[in-house]
Amino acid sequence: MAIRQLSETLINQIAAGEVIERPASAAKELIENALDAGATRIEIATAGGGKALLRVSDNGSGMDATDLELAVRRHCTSKISETLEDIRTLGFRGEALPSIGSVARLSIASRRRDSAGGNEIAVAGGKIVHLRPAAANPGTIVEVRDLFFATPARLKFLKTEKAEAGAITEIVKRMAIAFPAVRFVLSGSDRATLEFPATGDDHLARMAQVLGKEFRDNAIALDAVREELSLTGFAGVPTFNRGNSAHQYAFVNGRPVQDKLILSAIRGAYAETIPSGRYPVAVLSITLDPALVDVNVHPAKSDVRFRDPGLVRGLIVGAIREALARDGSRAATTGASDMLRSFRPGFQPNVQRPQGGWSAETSPSRPYQQPIHFAERPQASFEGLSTPTAQAEPQPSMAPATPESIMRYPLGAARAQIHANYIVAQTEDGLVIVDQHAAHERLVFEAMRKALHSKRLASQVLLIPEIVDIPEEDCDRLMQHAVELAELGLAIERFGPGAIAVRETPAMLGEVDAGGLIRQLADEIAEWDTASGLSAKLEYVAATMACHGSVRSGRRLRPEEMNALLREMEVTPGSGQCNHGRPTYIELKLSDIERLFGRS
């Protein structure tokens with residue numbers, strides 16, 4: 001069979017199969033072009049989920065007639081010249097517009113800021129229909145109609161209009177987070193209008209627009225630097241989590257990406273703090289020299305490849321864990337909101353509110369004038385209750401608190417224990433309800449985790465070393481981490497070119513499948529250049545032991561024990577959630593309580 005050169009139209013249609021998978025892909029490429037052109041206002045309009053219409057308007061630098069003619073040709077771009085080592089723009093291949101034009105009806109109207117008039121070019125099925133002068137505002141309007149009309153087989157693989165419209169919305173949200181100084185408007189006959197006003201340099205304000213105002217109240221700032229890599233952004237407290245990973249956003253040099261390495265690092269950073277099946281909320285921005293990252297490894301540019309993936313993973317995990325240790329012990333504000341919603345008010349008399357606001361003298365909730373005698377005495381001393389076996393002593397460095405000052409602590413003073421499991425504490429401006437088992441479980445686990453990382457772990461020597469046959473390259477990788485593994489109680493030696501001898505295993509793991517463990521570690525090192533899997537296994541065992549060694553539900557506590565537990569929580573990292581990711585306490589402010597009683 002003779003070899004022949006493909007036509008330009010067919011080449012573009014083949015490229016479109018990789019670059020333009022769905023309407024959201026086209027929207028992403030067009031928005032990136034607008035941002036590269038310096039736009040500060042971008043408006044996106046859709047119809048039929050983007051299949052019938054996709055229009056992107058911007059106030060960027062614009063193009064003249066010569067630029068328009070080149071823009072719809074393959075591999076024509078203004079963003080790079082001779083090298084891929086220093087890519088600082090979102091687009092650079094020059095494939096998007098010719099790819100779209102080969103499978104849809106494409107029109108572009110543009111005008112430079114210093115030009116008296118604009119121009120318009122139209123392309124249908126890869127053929128230029130016309131190039132002519134046209135009235136246009138400064139900037140560019142790109143209109144895509146009848147996407148994939150030239151390749152109807154692709155239409156069969158698209159989802160419903162609602163699903164495609166939702167995918168475009170997600171693209172706009174990611175771009176909006178990455179560029180807070182740009183105003184985005186998304187509208188159309190297939191959706192409600194979505195607008196993100198520009199917030200300038202206030203990234204958290206833009207994140208609150210996209211992720212909801214609750215994210216602002218439950219976010220911890222990240223700012224870390226390691227070698228030539230910097231990480232900024234915000235991570236949600238562990239108890240502020242979601243049912244999927246759609247609320248995890250990552251950006252590399254301003255480029256939105258969905259990279260497996262970054263998502264895996266986020267998951268690892270929240271290990272033992274998030275319930276199974278739940279996902280943290282995080283927005284991470286990584287900045288590094290463009291020469292240290294390859295953005296040309298995926299047609300859609302959604303994946304990147306780092307020159308030193310271990311450094312990137314280590315920075316993300318370390319920065320998030322440090323932030324959680326510093327400020328992650330607080331409970332999510334959503335806990336109090338959920339609690340308020342769970343109340344079901346009973347009898348509610350129709351009482352007229354006073355015009356001058358609430359006062360003690362006129363309030364319908366004012367104290368009753370006659371003395372009231374309760375049948376049972378208040379829970380003040382808890383005499384006769386059994387002492388728990390688990391210890392809950394305050395740290396020696398903490399000075400004893402006086403009755404007058406104890407409520408100034410963040411978690412306040414213990415006032416009662418209800419249902420033999422929940423501690424009710426009074427603070428200066430509200431009250432706190434603590435799950436005693438979940439809280440003490442976290443305290444025990446953190447103490448065990450600290451012991452894990454402060455000294456070499458105990459190991460058990462195998463009577464007969466176990467020989468594990470693995471590929472030679474895996475042996476090489478494992479031996480590079482032999483010292484690190486030995487600190488965790490796993491002693492290995494090289495046993496020929498394609499085998500590893502396991503002489504000691506961590507005592508905490510008990511009876512372990514050494515061969516399976518070695519193979520799993522080898523796979524992990526090959527993937528991420530790290531051997532954190534063993535450490536994760538040990539922490540999992542520590543979490544299980546902590547669960548069984550903590551104060552149990554149903555155990556009566558004395559007031560001093562409850563206060564000791566509260567003080568320990570205040571100085572322990574991650575005490576806002578247990579090892580399974582559930583919250584350990586809920587805080588209600590006085591304003592929340594007054595709202596329940598109609599006082600505000």
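**Cysteines, salt bridges and their surroundings**

Modeller: C76 counts as partly exposed because its relative accessibility is 28%; the model is a predicted one. C475, by contrast, is buried, with a relative accessible area of 0%. No disulfides turn up in a search of the whole structure.

Salt bridges are another matter: the search of the whole structure finds 23 salt bridges. One of them joins R55 and E143, whose closest N and O atoms are 3.0 Å apart. R55 belongs to strand β2 (residues 53–58) and E143 to strand β6 (residues 139–145), so this pair ties together parts that lie 88 residues apart in sequence. E143, at 19%, is buried, because the cut-off for buried is under 20%.

A second pair is E69 with R73, where the closest N and O atoms are 3.6 Å apart. Here E69 counts as partly exposed at 34% relative accessibility, and R73 likewise counts as partly exposed, at 43%.

The side chains of D190 and R191 also meet in a salt bridge, at 3.8 Å from N to O. D190 is partly exposed, with 24% relative accessible area, whereas R191 counts as buried at 16%.

Beyond these pairs, a network of salt bridges links R41, E43, R183 and E195.

Two further parts give context. Helix α2 (residues 23–36) has 14 residues, and from its first C-alpha to its last it reaches 20 Å, close to the 20 Å expected at 1.5 Å a residue. Of those 14 residues, 12 are buried, so α2 is largely enclosed by the rest of the structure. Just after α2, G38 takes a positive phi of about 85°.

The other part is on the surface, where L6, L10 and I14 form a nonpolar patch with about 250 Å² of accessible area together. L6 is found in the segment before α1 (8–19). With 37% relative accessibility, L6 counts as partly exposed, and this figure passes the cut-off for patch members, which is over 30%.

Key: Residues are numbered from 1 along each chain as its sequence is written. This is a predicted model: local features need pLDDT of at least 70, side-chain atom pairs count only at pLDDT 80 or more; totals for chains, interfaces and linings use all residues. Side-chain values use heavy atoms; hydrogens and water are left out. A disulfide is a pair of cysteine sulfur atoms within 2.5 Å. Buried means under 20% relative accessible area, exposed over 50%, partly exposed in between (1.4 Å probe, protein chains only). Helices (H or I, at least four residues) and strands (E, at least two) are DSSP runs, numbered from the N terminus. The expected span of a helix is 1.5 Å times one less than its number of residues. Patches are made of residues with over 30% relative accessible area and no salt bridge: like charges are joined within 9 Å, nonpolar side chains (Val, Leu, Ile, Met, Phe, Trp, Tyr) within 5 Å. Accessible areas come from the Shrake-Rupley method with a 1.4 Å probe; for residues, only the protein chains shown count as cover. A salt bridge is a side-chain nitrogen of Lys or Arg within 4 Å of a carboxyl oxygen of Asp or Glu.
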